Amino acid sequence: MRHAEEVTFGGGGLNRRGDLRADAAALDALARGPMARHLPIWRGKVLMQGPEDAPTLAPQPLSSPALEHALMNVFLGEAPDGAFWFAHDITPWQPNEILEAPDSFLDRSEQIYPGLEEARFIELRAAMAQMTPLDAEIAASARAITGWHATHGFCAKCGAASVAAQAGWERHCAACGAHHFPRTDPVVIMLITHGNSVLMGRSPIWPEGMFSLLAGFMEPGETIEAAVRREVFEESGVPVGPVRYLASQPWPFPASLMIGCHGEATATDITLDPKELEDARWVSREEMLDVFAGNNPAMKPARRGAIAQFLLSNWLADRLD
């Protein structure tokens, strides 16, 4: 697919610079240099600034009081402009304001660190569609890697506490010598078509009117194609024939890789698995155009920034090649 890397979180041009991860002295010098960019992350939220329709990352100087709370520092890589980006997990910081319980689907609350009134911590899903490709890639990488450290503090082999290594891209266990690496969970997401129609479904826990493409985690020993056919049949009862890969999207909520595929259904009868889907239906191209235009009160457009919206948009534009 020629437009594959135009998906949100893809194609930002960040050079991970794995060659520097073991060089603590070089990284320390870069972290203190003029091209260093230090990005605070708080409970998975990224520090941003600017208008809501065009937010940008808000890196802080290494001397910023906000960074004194850091539990974890990670070297993210080098941007095309020569800037070196570092992520700092400042989860221990406690905002002064009382936090409301976030929406189960998206936390739209924003937090401001004292002295940084021009910036605020924003849930990445609320801003992802308005960010530049580079900012989105940096933010997604920062959120995913700091989230991995937050949930993998102990060795999976022996249970002892582990420590960060390789500039934050490994964890080592001193007790048994095991090395642990960041986890990415592969998920297939499927544009399933039959003639001029696409298969759409909705989870029972989603907001009213929200539909999307079917998706599911891959299982050990399974090919991408087999996972597509299994997930679609398990959730909707629709059999799938030919399957081809289209595009992928890092999805740092918490750490998945969405593998977008096109599958051709060989039948159209739907039998729902009620544990997975509340509803599923075939939607024609003409009907989907109305959905995207906001003219269908029963179905909302796919969320901007998500690969489902990207795949559907390209299907509508006949750009799946």
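In this predicted model, H88 sits in strand β5, which spans residues 84–89. With a relative accessibility of 5%, H88 counts as buried, because the cut-off for that class is under 20% relative accessible area. The side chain of H88 is joined to that of N73 by a polar contact of 2.7 Å. Leaving aside residues up to four places away in sequence, H88 touches H38, L39, P40, I41, L62, L67, A70, M72 and N73.

The largest pocket has a volume of about 880 Å³. It is lined by 35 residues, and those closest to its centre are V187, W206, A215, W251 and M258. Two or more lining residues come from each of the elements β10 (185–194), β11 (197–202), β12 (214–217), α4 (224–236), β13 (240–251), β14 (256–265) and α6 (307–316). Among these contributors, β12 gives the most, with four residues. By class, the lining of the largest pocket comprises 20 nonpolar, seven polar and eight charged residues.

The second largest pocket holds about 620 Å³ of space. Its lining counts 26 residues, with L106, R108, R125, A126 and R303 closest to the centre. Here the elements giving two or more residues are β6 (119–122) and α2 (124–127), and α2 supplies the largest share, three residues. The lining of this second pocket divides into 13 nonpolar, two polar and 11 charged residues.

Charged pairs complete the picture. Across the whole structure, a search finds 16 salt bridges. One of them links E123 to R125, with the closest N and O atoms 3.3 Å apart. R125 is also one of the residues closest to the centre of the second largest pocket.

Through salt bridges that share partners, E219, E222, R230, E231 and E234 are joined into one network. Another salt bridge is formed by D279 and R281, where the closest N and O atoms are 2.5 Å apart. At 31% relative accessibility, R281 counts as partly exposed.

Note on methods:
Residues are numbered from 1 along each chain as its sequence is written. This is a predicted model: local features need pLDDT of at least 70, side-chain atom pairs count only at pLDDT 80 or more; totals for chains, interfaces and linings use all residues. Side-chain values use heavy atoms; hydrogens and water are left out. Buried means under 20% relative accessible area, exposed over 50%, partly exposed in between (1.4 Å probe, protein chains only). A polar contact is a pair of N or O atoms within 3.5 Å; within protein, one must be able to donate a hydrogen and the other to accept it, and residues adjacent in sequence count only if both atoms are side-chain atoms. Contact means heavy atoms within 4.5 Å. On a 1 Å grid over the protein atoms alone, a cavity is a set of points where a 1.4 Å probe fits but cannot get out, and a pocket is an open set with protein on both sides within 12 Å along at least five of seven lines; lining residues have an atom within 4 Å of a point. Grid points are joined across faces, edges and corners, and a volume is the space filled by probe spheres set on the points. Ala, Val, Leu, Ile, Met, Phe, Trp, Tyr, Cys and Pro count as nonpolar, Asp, Glu, Lys and Arg as charged, and the others, Gly among them, as polar. A salt bridge is a side-chain nitrogen of Lys or Arg within 4 Å of a carboxyl oxygen of Asp or Glu.
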